[in-house]
Structure formats: structure tokens, C-alpha cells
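Please find below a colleague's note on the model under review. The points are numbered so that each may be checked separately.

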Amino acid sequence: MHITHVALWARDLETLTRFYCGVFDGELGEPYHNPRKQFSSRFVRFGSGASLELMHRPDIVEPADMPFFGLAHLAFSLGSEAAVDAMTIHLQQTGLRHLDGPRHTGDGYYESVFLDPEGNQIELTV
């Protein structure tokens with residue numbers, strides 16, 4: 001058994017698809033649109049790992065104030081500490097909000113933490 005995909009609601013579907021495809025070398029699937037439900041989505045596939053489904057519907061509004069239960073972050077394994085360092089520098093240069101790292105965590109990970117263009121927390125790790 002394995003996780004096949006994780007889904008995120010997007011305010012701006014095209015901005016998030018460009019971000020995840022561009023930064024993490026994702027492969028963009030065909031667009032899906034259901035006019036009756038006003039639902040649109042795109043899958044972004046990452047090699048042999050899980051995919052990310054980015055979804056949009058105009059009636060989906062802002063989440064409740066923090067704290068909340070549910071998705072906390074997405075973690076991307078980049079393969080090495082050097083790759084985490086390089087991606088950290090790259091994302092800092094793009095102006096993406098940097099929350100922490102790179103650093104060694106108490107539970108043994110090496111990570112750097114950012115917010116994607118819509119405020120979803122992403123971890124870069126080995």
C-alpha cells in the first residue's frame with residue numbers, strides 16, 4: 001500500500017500548478033473541469049512518489065482561523081543536504097516566505113521550511 005495523492009484547494013489553480021511544476025520538477029496532468037459543479041483540478045506528478053491534486057471551486061472560502069486539524073505540511077525529499085541548501089537559496093531568491101532552516105531537527109531530519117504561494121507549508125528534506 002502507498003499514498004497515491006494528496007489534494008489541496010487552490011485560490012489560483014494556475015499559480016500553484018506553475019509553482020509545483022517549476023520548483024519541484026512536477027509533470028502536469030491534463031486539466032479537468034466539471035461545469036455543473038464549477039470544479040477544476042490538475043494533477044502534478046513527482047516521479048515515482050505520490051501526486052498532488054490541486055483543486056479549485058469558486059465557492060470554497062478561507063479556512064477557519066488557526067489552530068486547526070488537518071493537513072500540516074507537504075514534505076519533499078530532495079536527496080541530499082546540499083540539495084536542500086541549494087533549493088533554500090533558490091526559494092529565498094524568489095521571495096517565497098521562509099519560515100525555518102536549513103537545520104537538523106531533533107528527530108534527525110535535515111530540513112528547510114517555506115510557505116507556497118498560497119500559504120501551504122512545505123518542507124524541503126533529504
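The points that follow cover the basis of the model, a helix, an aromatic group, a pocket, backbone geometry and selected strand residues.

1. Basis of the note. The model is predicted, so local features need pLDDT of at least 70 and side-chain atom pairs count only at pLDDT 80 or more, whereas totals for chains, interfaces and linings use all residues. Residues are numbered from 1 along each chain as its sequence is written, and side-chain values use heavy atoms, with hydrogens and water left out. Helices (H or I, at least four residues) and strands (E, at least two) are DSSP runs, numbered from the N terminus.

2. Helix H1. This helix covers residues 13-24, 12 residues in total, and spans 16 Å from its first C-alpha to its last. That is close to the 16 Å expected at 1.5 Å a residue, the expected span being 1.5 Å times one less than the number of residues. The buried residues of H1 include Leu13, Leu16, Phe19, Tyr20 and Phe24. Here buried means under 20% relative accessible area, exposed over 50%, and partly exposed in between (1.4 Å probe, protein chains only).

3. Rings of Phe, Tyr and Trp (its six-membered ring) pair if their centres lie within 6.5 Å; planes under 30 degrees apart count as stacked, over 60 as edge-to-face and the rest as tilted. One of the pairs is Phe46 with Phe76, edge-to-face at 5.3 Å centre to centre and with 75° between the planes. Because Phe46 lies in the loop between strand S4 (39-45) and S5, and Phe76 in strand S6, the pair ties together parts that are 30 residues apart in sequence. Phe46 and Phe76 are both buried. A single aromatic cluster is formed by Phe19, Tyr20, Phe24, Phe46 and Phe76.

4. The second largest pocket. Its volume is about 330 Å³. On a 1 Å grid over the protein atoms alone, a pocket is an open set of points where a 1.4 Å probe fits, with protein on both sides within 12 Å along at least five of seven lines; lining residues have an atom within 4 Å of a point. Grid points are joined across faces, edges and corners, and the volume is the space filled by probe spheres set on the points. Of the 13 lining residues, Phe46, Gly49, Ala50, Ala75 and Phe76 lie nearest the centre. Strands S5 (51-56) and S6 (74-77) each supply at least two lining residues, and S6 gives the most, with 4. What is the division of the lining into nonpolar, polar and charged residues? It holds 10 nonpolar, 3 polar and no charged residues, where Ala, Val, Leu, Ile, Met, Phe, Trp, Tyr, Cys and Pro count as nonpolar, Asp, Glu, Lys and Arg as charged, and the others, Gly among them, as polar.

5. Backbone geometry. Most residues other than glycine have a negative phi, and most peptide bonds are trans. Asp25, in the loop between H1 and strand S2 (27-28), takes a positive phi of about 60° just after H1. With a relative accessible area of 70%, Asp25 is exposed. Gln38 has a positive phi of about 55° and is found in the loop between strand S3 (32-34) and S4; at 47% relative accessibility, Gln38 counts as partly exposed. A cis peptide bond, with omega about 5°, joins Gly101 and Pro102; Pro102 belongs to strand S7 (residues 98-104).

6. Selected strand residues. In strand S4, Phe43 is partly exposed at 24% relative accessibility, and its C-alpha lies 7.9 Å from that of Pro31, 12 residues away in sequence. Thr125, in strand S9 (residues 121-125), is buried at 11% relative accessible area, and its side chain reaches the backbone oxygen of Tyr110 at 3.0 Å. Phe114 is placed in strand S8 (residues 110-115) and is buried, with a relative accessible area of 0%. Phe114 and Leu91 are 23 residues apart in sequence and 8.2 Å apart in space, C-alpha to C-alpha.

Conventions. A polar contact is a pair of N or O atoms within 3.5 Å; within protein, one must be able to donate a hydrogen and the other to accept it, and residues adjacent in sequence count only if both atoms are side-chain atoms.
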